[in-house]
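Student: Hi! I'm new to this one and would like a quick tour. Can you show me what we're looking at?
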Amino acid sequence: MTEKECRKLIVTAIAEGKEQLALCIETIACTGIQISEIKYFTVERVKVGKIEIYNKGKYRKDFSAEDIIKETSFLLS
């Protein structure tokens, strides 16, 4: 998927009032996670800035939550 296509999906989701879907799409695009890993991105973990992912027998940490915090700061307050 190109960046332009991704932005179009996000804008469309927001226009339809589906902010949560827009945030999910943006999180997946920014971090490169798999769809099944989105469940690890909770408000608490994003606030801390440390996301630990355990999926399909593999464990990894994603510390790239800074962009997500900027985008979702209005939801985290």
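Tutor: Happy to! Keep in mind that this is a predicted model.

Student: Okay, how many salt bridges are there in the whole structure?

Tutor: A search of the whole structure turns up 2 salt bridges. One joins the side chains of R7 and E3, at 2.7 Å from N to O.

Student: Where do R7 and E3 lie?

Tutor: Both are in helix α1, which covers residues 3-15. They sit 4 residues apart, about one turn of the helix.

Student: And is E3 buried or exposed?

Tutor: E3 counts as exposed because its relative accessibility is 55%. R7 counts as exposed too, at 52%.

Student: Which side chain does K18 meet in a salt bridge?

Tutor: That would be E16, with 3.5 Å from N to O. K18 has 42% relative accessibility, so K18 counts as partly exposed.

Student: Switching topic: at what angle do α1 and α2 pack?

Tutor: The angle is about 160°, and their axes are 7 Å apart. Helix α2 spans residues 19-31. The two helices are therefore roughly antiparallel to each other, and α1 passes α2 in a left-handed crossing.

Student: Which residues make that contact?

Tutor: From α1, they are C6, L9, I10, A13 and I14. From α2, they are E19, L21, A22, I25, E26 and A29.

Student: What does the contact of α1 with α2 look like by class?

Tutor: It has 9 nonpolar residues, 2 charged ones and no polar ones.

Student: Great, thanks for the tour!

Technical notes. Residues numbered from 1 in each chain as written. Predicted model: local features only at pLDDT ≥ 70, side-chain atom pairs only at ≥ 80, totals over all residues. Heavy atoms only, no water. Salt bridge = Lys/Arg side-chain N within 4 Å of Asp/Glu carboxyl O. Buried < 20%, exposed > 50% of the residue type's maximum accessible area, 1.4 Å probe, protein only. Axes fitted to C-alpha atoms, helices over the stretch in contact; angles between N-to-C directions. Parallel < 35°, antiparallel > 145°, perpendicular 65-115°, else oblique. Left-handed = near helix turned anticlockwise from the far one by under 90°. Contact = heavy atoms within 4.5 Å. Nonpolar A, V, L, I, M, F, W, Y, C, P; charged D, E, K, R; others polar.
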